[in-house]
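Dear colleague,

I am handing over the structure that we spoke about, and below it I have set out what was found. Please read the notes with the structure open beside them.

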Number of protein chains: 4
Amino acid sequence: MRHELTPRGAERREQLMSTAARLFAERGYDPTSVGDVVEAVGVGKGVFYWYFTSKEELFAELLRAGHRDLRRGQEAAIGDEPDPLRRIEAGIVASLAWFGEHRDVFTLLQIARNDERFAPVLRKAQEIAVADTVRHLKDAIVEGQIPDRDPEMLAQAILGVVERLTLALAFERGEPAARVAADAVGFCLGGLRR
Amino acid sequence: MRHELTPRGAERREQLMSTAARLFAERGYDPTSVGDVVEAVGVGKGVFYWYFTSKEELFAELLRAGHRDLRRGQEAAIGDEPDPLRRIEAGIVASLAWFGEHRDVFTLLQIARNDERFAPVLRKAQEIAVADTVRHLKDAIVEGQIPDRDPEMLAQAILGVVERLTLALAFERGEPAARVAADAVGFCLGGLRR
Amino acid sequence: MRHELTPRGAERREQLMSTAARLFAERGYDPTSVGDVVEAVGVGKGVFYWYFTSKEELFAELLRAGHRDLRRGQEAAIGDEPDPLRRIEAGIVASLAWFGEHRDVFTLLQIARNDERFAPVLRKAQEIAVADTVRHLKDAIVEGQIPDRDPEMLAQAILGVVERLTLALAFERGEPAARVAADAVGFCLGGLRR
Amino acid sequence: MRHELTPRGAERREQLMSTAARLFAERGYDPTSVGDVVEAVGVGKGVFYWYFTSKEELFAELLRAGHRDLRRGQEAAIGDEPDPLRRIEAGIVASLAWFGEHRDVFTLLQIARNDERFAPVLRKAQEIAVADTVRHLKDAIVEGQIPDRDPEMLAQAILGVVERLTLALAFERGEPAARVAADAVGFCLGGLRR
DNA sequence: AATGAATGAGGCTTCATTCAT
DNA sequence: AATGAATGAAGCCTCATTCAT
């Protein structure tokens with residue numbers, strides 16, 4: 001953000017961001033040109049650069065904003081639940097639900113993962129996600145709910161399951177998020193306990 | 001391939017492919033130019049178009065060749081093992097091992113997944129991988145080794161775990177493939193049984 | 001100027017002009033954007049076009065105003081001195097002094113000289129300067145103070161010396177204008193008498 | 001230069017350089033676009049970047065090449081002349097002659113002088129020119145040919161005269177270089193002696 | 001008088017691809 | 001088989017200028 005924005009300006013900015021998110025998700029980062037975005041919004045080319053420093057900055061901003069919002073959703077779902085495994089469960093369910101409503105952002109995160117230009121931003125988000133999960137896992141281990149194994153490994157495995165089921169079942173096969181979440185939880189808790 | 005290749009020609013082609021694989025993996029598909037590839041190999045630009053129709057075709061070829069080879073590795077590892085769960089376990093171990101020696105290809109597959117230009121090629125590879133796993137899972141269910149749940153869901157979950165642990169533990173944290181494979185197997189068998 | 005200006009308006013206009021002069025002198029005409037100017041002043045973009053028709057017009061205006069003021073300084077210094085050589089000397093001294101206090105304008109004139117968009121404005125100013133000097137030179141020749149050579153050639157030579165010493169000694173080496181002026185006068189009178 | 005050039009390539013490069021020099025001299029650096037240059041040469045846009053890294057690099061290259069050639073001309077004219085004042089005289093004459101045949105380069109140097117992007121390149125050229133002249137002046141002072149005054153000041157004054165007379169008389173009024181050179185020499189020797 | 005927002009032409013540069021040799 | 005050279009579309013971004021408020 002480079003200026004203070006009037007209400008109208010803030011709206012335009014939002015419009016550009018959501019349109020860009022959609023196009024990036026559909027076509028990828030490089031194949032989506034700034035021209036595509038402004039054309040889709042129906043404004044002149046210069047407008048883009050009134051609201052964003054560069055195409056790259058916009059994409060990074062989308063990643064940051066998306067991850068921020070996802071995390072807020074997880075925290076809200078977890079609340080102050082005392083049982084560690086229940087917290088993990090709630091986190092999984094909340095993630096699936098959030099991704100179900102923000103498919104674009106899910107895809108953006110996937111895209112960014114393999115792009116060295118955005119690796120820094122993504123890395124940070126991933127670390128936070130892992131750290132959040134690790135915390136609950138350690139609690140669960142301490143409380144004797146699950147056997148004592150490398151918590152980071154377990155966290156990564158859980159995230160892998162969530163990500164994959166989101167993509168394959170919720171998005172590609174169109175199953176309801178709640179159902180997929182139940183499966184993910186089932187699989188993960190099994191994997192943790194054993 | 002457009003011509004009959006002399007032995008020397010076949011070598012050139014291999015050289016171009018492996019160099020391209022490395023660069024694509026490092027920088028991504030779009031940010032890697034044909035010029036980068038030929039420069040890295042130390043040949044003129046015309047050479048590239050002597051061996052490949054286009055940049056896109058080369059990338060698709062890398063994906064196909066990579067997946068073909070991976071699958072061959074899995075099959076060899078599974079052999080004629082009669083126990084379904086053991087087959088799954090062998091497949092996981094073989095995948096980890098193969099990825100460990102072909103990091104570039106792993107990254108290429110990740111890159112392709114979110115690119116609509118290569119999704120078709122990828123989709124097919126994924127379907128095969130899922131189908132392979134599903135077959136073993138169905139056997140395991142029939143034989144009563146694991147409870148009866150949607151085999152495709154289970155297959156996706158397994159693939160998600162393998163993929164994620166490969167990336168996070170084997171690649172980023174540098175743990176030996178065998179150790180990571182043991183963790184992956186442990187988590188997945190737990191997830192399947194429960 | 002397009003409107004009647006209130007006192008405050010006139011002040012704004014001055015502020016824009018002096019800021020623009022500084023930036024133009026620092027960076028050149030093209031590399032200085034209207035945006036740079038208004039930002040440096042701390043006003044909105046519309047303000048610029050309230051006071052000036054265009055960027056080009058502003059620059060031309062700076063040139064005209066600068067040259068007008070320089071000439072006024074020369075005339076004041078020359079007064080009604082009857083001796084032609086003394087008039088030339090006074091003009092040189094006054095020029096050096098004025099440039100010393102208006103470095104930006106000096107640079108602006110240099111910039112304009114090699115820009116076909118402003119050559120017309122500049123040409124006129126140069127002609128006036130040459131004509132002024134030629135007049136004194138002709139007087140000096142008639143009065144037998146100096147040998148009879150092409151007065152325009154002599155005028156150009158004098159202007160060349162003044163310009164160069166201003167730039168090299170006064171600006172770049174930071175010598176006091178009065179000292180540089182003495183040198184310039186010395187060299188030029190020698191060149192004239194020869 | 002980024003590649004070794006074939007004869008044909010070297011020719012193209014020359015063609016681009018001389019065309020660009022002409023256009024830059026006519027219109028200035030910024031107002032001349034890369035598109036203008038390639039269009040004038042009658043080639044595609046990409047060709048420019050096959051031979052030059054950037055527009056800026058090309059301009060700097062023109063400056064360097066120009067100054068190099070000018071200096072070579074001066075040295076050839078001075079030869080091993082033992083008399084310091086005669087050396088200065090020869091240098092002036094050679095400069096006028098060279099500029100007469102390379103008007104574009106003269107203008108390019110003028111343009112570069114007031115552009116901070118090229119100041120470094122120019123500064124160096126100027127320093128060399130001054131140092132060359134200073135050397136002869138010191139000799140002349142030691143030998144008692146001229147009074148002892150700041151040699152750098154004298155050098156700058158001479159350069160100022162040469163530059164100005166070149167521009168005003170040789171270029172704008174179209175007088176033959178030899179004639180202008182005689183005037184310049186006359187004026188400068190007078191300025192030096194007295 | 002002044003501002004934020006918008007326009008759109010145009011500039012520099014990259015790059016997949018082709019071609020003459 | 002291979003190279004240097006060329007093409008031209010397309011991309012990102014800047015900027016003078018205008019307009020609604």
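Chain B and chain D do not touch, their nearest C-alpha atoms being 12 Å apart, and for chain A and chain C, which likewise do not touch, the nearest C-alpha atoms are also 12 Å apart. Contact here means that the C-beta atoms of two residues, placed from the backbone, lie within 7 Å. Please keep in mind that this is a predicted model, in which local features need pLDDT of at least 70 and side-chain atom pairs count only at pLDDT 80 or more, while totals for chains, interfaces and linings use all residues. Residues are numbered from 1 along each chain as its sequence is written, and chains are lettered from A, and ligands numbered from 1, in the order in which they are written.

Contacts are found, by contrast, between chain A and chain B, where 30 residues of chain A meet 30 residues of chain B. On the chain A side, helix H6 (103-113), helix H8 (151-172) and helix H9 (177-193) each supply at least two residues, and H8(A) gives the largest share, 11 residues. Helices (H or I, at least four residues) and strands (E, at least two) are DSSP runs, numbered from the N terminus. By class, that side of chain A holds 11 nonpolar, nine polar and 10 charged residues, where Ala, Val, Leu, Ile, Met, Phe, Trp, Tyr, Cys and Pro count as nonpolar, Asp, Glu, Lys and Arg as charged, and the others, Gly among them, as polar.

The contact between chain C and chain D takes 28 residues from chain C and 32 residues from chain D. The elements of chain C that give two or more residues to it are H6, helix H8 (151-172) and helix H9 (177-193), with the largest share, 11 residues, coming from H8(C). The chain C side divides into 11 nonpolar, eight polar and nine charged residues.

Chain C can be superposed on chain D by a rotation of 180° with 0.0 Å of shift along its axis, at an RMSD of 0.1 Å; the two copies are thus related as by a two-fold rotation axis. The same surface serves both copies, since 100% of the contact residues of chain C recur in chain D.

Helix H6 of chain D (residues 103-113) is largely enclosed by the rest of the structure, because eight of its 11 residues are buried. A residue is called buried if 20 or more other C-beta atoms lie within 10 Å of its own, exposed if 12 or fewer do, and partly exposed in between, with C-beta atoms placed from the backbone. Among the buried residues of H6(D) are D:Val105, D:Phe106, D:Leu109 and D:Arg113, and what covers the buried residues includes helix H6 (103-113) of chain C as well as helix H1 (7-27), helix H4 (55-78), helix H5 (84-101), helix H7 (119-142) and helix H8 (151-172) of chain D.

The largest nonpolar core has 113 residues, and those with the most contacts inside it are C:Ala184 and D:Ala184. Such a core is a set of buried Ala, Val, Leu, Ile, Met, Phe, Trp, Tyr and Cys residues joined through C-beta atoms within 7 Å. Leaving aside neighbours within four places in sequence, C:Ala184 is in contact with C:Ile92, C:Leu96, C:Val161, C:Val162 and C:Leu165. Apart from this core lies another, of 112 residues, among them A:Leu58, A:Val185, A:Cys188 and B:Cys188.

The surface near DNA strand E has 12 nonpolar, 18 polar and 10 charged residues. Of the 40 residues around DNA strand F, B:Gly44, B:Gly46, D:Gly9, D:Gly44 and D:Gly46 come nearest, and the surface there has 12 nonpolar, 17 polar and 11 charged residues.

Lastly, chain A has nine helices and zero strands, and buried residues make up 40% of its 194 residues.

With best wishes

How values were computed:
Copies are superposed by least squares on the C-alpha atoms of residues with pLDDT of at least 70 in both. A residue is near a molecule or strand if its C-beta atom, placed from the backbone, lies within 6 Å of it.
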